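Dear colleague,

Please find the structure below, with its sequence.

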Amino acid sequence: MSLFSSIDHAHMQRALVLAERGRFTTKPNPVVGCVLAHGERVVGEGFHQRAGEAHAEVHALEAAGADAKSATAYVTLEPCGKTGRTPPCADALICAGVSRVVVACEDAHQHDGGAVERMREAGIVVEHGLMRAAAREANIGFFSRVERGRPFVRVKLATSIDGRTALANGDSKWISCEASRHDVARWRARSGAILTGSGTVRADNPQMTVRMDDDACFEPPLRVVLDTGLAIPADSIIVNGEAPTLLVHDEDARVPSHFRQQERLGLPAVKGRVDLAALMNELAKRGINEVQVEAGATLAGALFDAELADELLLYQAPTLLGDAARPLLAGIDIHDMRERVDLDLLEVRQIGSDLRLRLRPRPPIFDDGDTFGEWLDGPDTEVDAYYAALGRKPGAVGYDDQDRYVRVRKDGSHEILSDPDLLNRERDDDPDSDRRG
Ligand SMILES: NC(=O)c1ccc[n+]([C@@H]2O[C@H](COP(=O)([O-])OP(=O)(O)OC[C@H]3O[C@@H](n4cnc5c(N)ncnc54)[C@H](OP(=O)(O)O)[C@@H]3O)[C@@H](O)[C@H]2O)c1
């Protein structure tokens, strides 16, 4: 039997839909939705709209007023327990007298504030894990940044049906149809940064800004250009100041006078090119959750080669560009079928005359629910200073190797926060729960 009823599922589904309303504006914060209900009757709804402003729970409590008393709160992410730029939501829920809080997914940052403990001490029933996978997915970039110390990297490419991304002479305008290009704008808008290479800047002289045909509000993403020797033309549109732009180069490169006022980031070069792992750490430090890569085969291939590409967003047009045209990903040498790179097909959708495919490397580089483990050995950054020690640091919370949600005690042993039997039973019964057992 599932721990959660169909009414619980319906309300959490609604909370997830509400969370999406903040998709373009909450960066670097996660998107969060909240529903307050008495049984089937919804008494308040809210979502987090903008970093620094009220959280989803506060909006829902305001909407519910006195009806919040004894209600159940459905929240897509663990309520905050610490005072940040806004007061703790856990305390607001306690003050309003809610009787039960259902949380879709945990957030180790928030948990550190003692929100769940305080709510339980106040007599609130707190339950976790309803539609957890969907809630993690909604904030995949946020979790990537805080748990791995690097953004979630989505590589967008427009390709012909024969897998080509530009003609041999560099012309690629336009492989995809207009509807696909509008669709790309929405993926740009949700990203904290758009990353491109000097090859694309030279060939296409792109703007890389968000141009949407509706009135959707968004925070303009940072345009990031990899230009090892700071050699792109001075009059490139991308450095015109229309949107925030960061030129990333070899730290030893000479800075030409026309780029002295430009925001720049010098990084060590690896094999004569900007160190991509160091770049990702830097972007995480700047609060970037998701990076959209819009580059040619060279940079796209380098990201896959470095295992830094988490998703491929492919617009495949019904056209042929022929043998001489440029490939999808350059520099990936495979001579044995056992070395091939397998991808999981997440989604296929027709956009105008194109097919849009979303694919992720198999096994996923960013694996939901694997908070402990391989990331602990990842690069050391300010952002993951806390998380780097996850699994060892007293007070840290996460999943242990048996997939139990635990807190690390002072002596290094693990206090089990979730009842594994309950979690397992729920996982078996809940069609929405796809966490690995
Ligand atoms: N179909 C599509 O979706 C699509 C999208 C964008 C572009 N394009 C087409 O792709 C072509 C350009 O592609 P491209 O492969 O020549 O260039 P690119 O991938 O856009 O940029 C590659 C350049 O970035 C610089 N870079 C710096 N650090 C790097 C690193 N660690 N790894 C890889 N690159 C690094 C290098 O030049 P330096 O070291 O000299 O700085 C490198 O040559 C154009 O024809 C364009 O029209 C197609």
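The shell around the ligand comprises 28 residues, of which G197, G199, T228, G296 and T298 come nearest; a residue counts as near a molecule or strand if its C-beta atom, placed from the backbone, lies within 6 Å of it. The model is a predicted one, in which local features need pLDDT of at least 70 and side-chain atom pairs count only at pLDDT 80 or more, whereas totals for chains, interfaces and linings use all residues. Residue numbers start from 1 along each chain as its sequence is written.

By class, the shell around the ligand divides into 12 nonpolar, 12 polar and four charged residues. Here Ala, Val, Leu, Ile, Met, Phe, Trp, Tyr, Cys and Pro count as nonpolar, Asp, Glu, Lys and Arg as charged, and the others, Gly among them, as polar. At least two residues of the shell come from each of β6 (152–160), β7 (193–197), α9 (198–204), β12 (273–274) and α11 (297–305). The most is given by α9, with five residues. Helices (H or I, at least four residues) and strands (E, at least two) are DSSP runs, numbered from the N terminus.

Two of these strands, β6 and β7, belong to an open sheet of nine strands with mixed pairing, in the order β10-β9-β8-β7-β13-β6-β14-β16-β15. Its edge strands, β10 (264–267) and β15 (343–351), each pair on one side only; two strands pair if DSSP finds at least two bridges between them. From one strand to the next, the twist averages 20°. Axes are lines fitted to C-alpha atoms, for helices over the stretch in contact, and angles run from 0 to 180 degrees between N-to-C directions. Within this sheet, β8 (residues 222–226) and β9 (residues 245–250) run parallel and are joined by four bridges, with V224 opposite L246 in β9. Helix α8 (residues 178–190) lies across β6, β7, β13 (290–293), β14 (311–317), β15 and β16 (354–361), and runs at about 170° to β6. Contact between two residues requires that their C-beta atoms, placed from the backbone, lie within 7 Å.

A further open sheet has five strands in the order β2-β1-β3-β4-β5, again with mixed pairing. Its edge strands are β2 (41–47) and β5 (125–128), each pairing on one side only. The twist here averages 15° from one strand to the next. Six bridges pair β1 (residues 33–38) with β2 in the antiparallel sense, and H38 stands opposite R41 in β2. Helix α2 (residues 56–64) packs on this sheet, where α2 touches β1, β2 and β3 (72–77), and its direction makes about 140° with that of β2.

The axes of α2 and helix α3 (residues 89–96) come within 9 Å and cross at roughly 20°. The two helices α2 and α3 are therefore roughly parallel to each other (angles under 35 degrees count as roughly parallel, over 145 as roughly antiparallel, 65 to 115 as roughly perpendicular and the rest as oblique). On the α2 side the contact is made by E57, V58 and L61, and on the α3 side by C89, A92, L93 and A96. These residues divide into six nonpolar, no polar and one charged.

Some backbone features also deserve mention. A cis peptide bond joins K27 and P28, with omega about 5°; P28 lies in the loop between α1 (6–20) and β1. Another cis peptide bond joins K173 and W174, with omega about -15°, and W174 is found in the loop between β6 and α8. M131, a residue other than glycine, has a positive phi near 60° and is found in the loop between β5 and α6 (132–138).

Yours sincerely
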